[in-house]
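Please look over the model shown here.

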Amino acid sequence: MNLARKIYYALSPMNRFRVRKLYYLPHDIYAFLFHKKDELEPPKGMVFVGSGDYISQGRRLAELVVKYTNLQPDGKILDIGCGIGRLAVGLTRYLNSKGTYEGFDIVDFGIDWCQKHITSKFPNFHFLFVNLKNALYNLTTETEANSFNFPYKADSFDSIVLTSVFTHMMPKDVEHYLSQIALVMKQDGRCLATFFITNPEVDKKMAAKEADFSFDNKYEGYSLLSDDCKEANVAYEETYLRNMIDKCGLSVELMSQGDWSKGKNALDFQDVLILKKK
């Protein structure tokens, strides 16, 4: 792990947000003065998840969701860890007035922005702030993710999406969320979730420095990029993860190895799993 990342992880979540705002302030002032951004695009200093162009990445993610979860224009989708609306903005061009988008996140200013800028224009897009503890994003509460029951009806979603969410969660939290996904997803629904997944092949690549990350802090079934900020980046051993998924009443329909470990024909930087009910 490089020095810059170590310094970044040493900061509190609030200070990480402040550093990003300051870093991108000149860019955001220029974009504001010269109208260099989409009306549904937040200031770059506010975007705390993902990389690359916000609008194009959101549209690309929306295309993946539509293709791999079979989301229809009038379907119902749950975006877990919706951040500051990247997927939601991408879906505003796809869902019709009969479709429904529900998203929740643990970062309050991201949800505030989404409610003001997306829901105000698209009333079938709803955003909820959930105050849960996470070493990377939120230390204002002691409430953990494994105690949070999703506030939605059983068997109500056609599609469920988690991008870069399970990569920031510990095992007991992941297992609880998987059980909640199984509860609120329709029988014929699909869930697209991204992970960092290790197995003997990936372990060899990490040892040879051929992968973008090396998860050197090993625990039973999972490993961490940093022990100082445990939820910064979490990787799961493939067999351990598949057993957890099976235990929660789900099965893996498709697995795509990510760019991070040099997977062929990768769908995303992270590993992608398509899950369905057993």
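## Helix H3

Just after H3, asparagine 70 adopts a positive phi of about 60 degrees. Helices (H or I, at least four residues) and strands (E, at least two) are DSSP runs, numbered from the N terminus. This is a predicted model, in which local features need pLDDT of at least 70, side-chain atom pairs count only at pLDDT 80 or more, and totals for chains, interfaces and linings use all residues. Residues are numbered from 1 along each chain as its sequence is written, and side-chain values use heavy atoms, with hydrogens and water left out.

H3 spans residues 54-69, 16 residues in all. From first C-alpha to last it reaches 22 Å, close to the 22 Å expected at 1.5 Å a residue. The expected span is 1.5 Å times one less than the number of residues. At the start of H3, a side-chain oxygen of aspartate 53 comes to within 3.3 Å of the backbone nitrogen of isoleucine 55.

Buried residues of H3 are Tyr54, Ile55, Gly58, Leu61, Ala62, Leu64, Val65 and Thr69. Buried means under 20% relative accessible area, exposed over 50%, partly exposed in between (1.4 Å probe, protein chains only). Their cover includes strands E1 (76-80), E4 (157-162) and E5 (185-198). Helices H4 (86-91) and H5 (108-119) are also among the covering elements.

## Helix H8

In H8 (residues 238-247), Glu238, Leu241, Met244 and Ile245 are buried. Seen down the axis, these buried residues fall within an arc of 130 degrees, so they line one face of H8. The arc is taken from the directions from the helix axis to the C-beta atoms. Asn243 and Lys247, on the other side of H8, are exposed.

The buried residues of H8 pack against helix H6 (171-184) and strands E5, E8 (234-237), E9 (250-256) and E10 (271-277). Contact means heavy atoms within 4.5 Å. At the start of H8, a side-chain oxygen of glutamate 237 reaches to within 3.1 Å of the backbone nitrogen of threonine 239. Just after H8, glycine 249 has a positive phi of about 85 degrees.

## The loop between E9 and E10

Serine 261 sits in the loop between E9 and E10. Glutamine 257 lies in the loop between E9 and E10 too. The side chains of serine 261 and glutamine 257 form a polar contact of 2.9 Å. Such a contact is a pair of N or O atoms within 3.5 Å; within protein, one must be able to donate a hydrogen and the other to accept it, and residues adjacent in sequence count only if both atoms are side-chain atoms.

Is serine 261 buried or exposed? Serine 261 counts as buried, at 0% relative accessibility. Not counting residues up to four places away in sequence, serine 261 touches Val202, Lys205, Ala211 and Asp271. On that basis, the contacts of glutamine 257 include Glu201, Val202, Lys205 and Asp271.

## Alanine 135

Alanine 135 is in the loop between strand E3 (125-129) and E4. Alanine 135 is partly exposed, with a relative accessible area of 23%. Neighbours within four places in sequence aside, alanine 135 contacts Pro13, Arg16, Cys229 and Glu231. Alanine 135 and methionine 169 are 34 residues apart in sequence and 9.3 Å apart in space, C-alpha to C-alpha.
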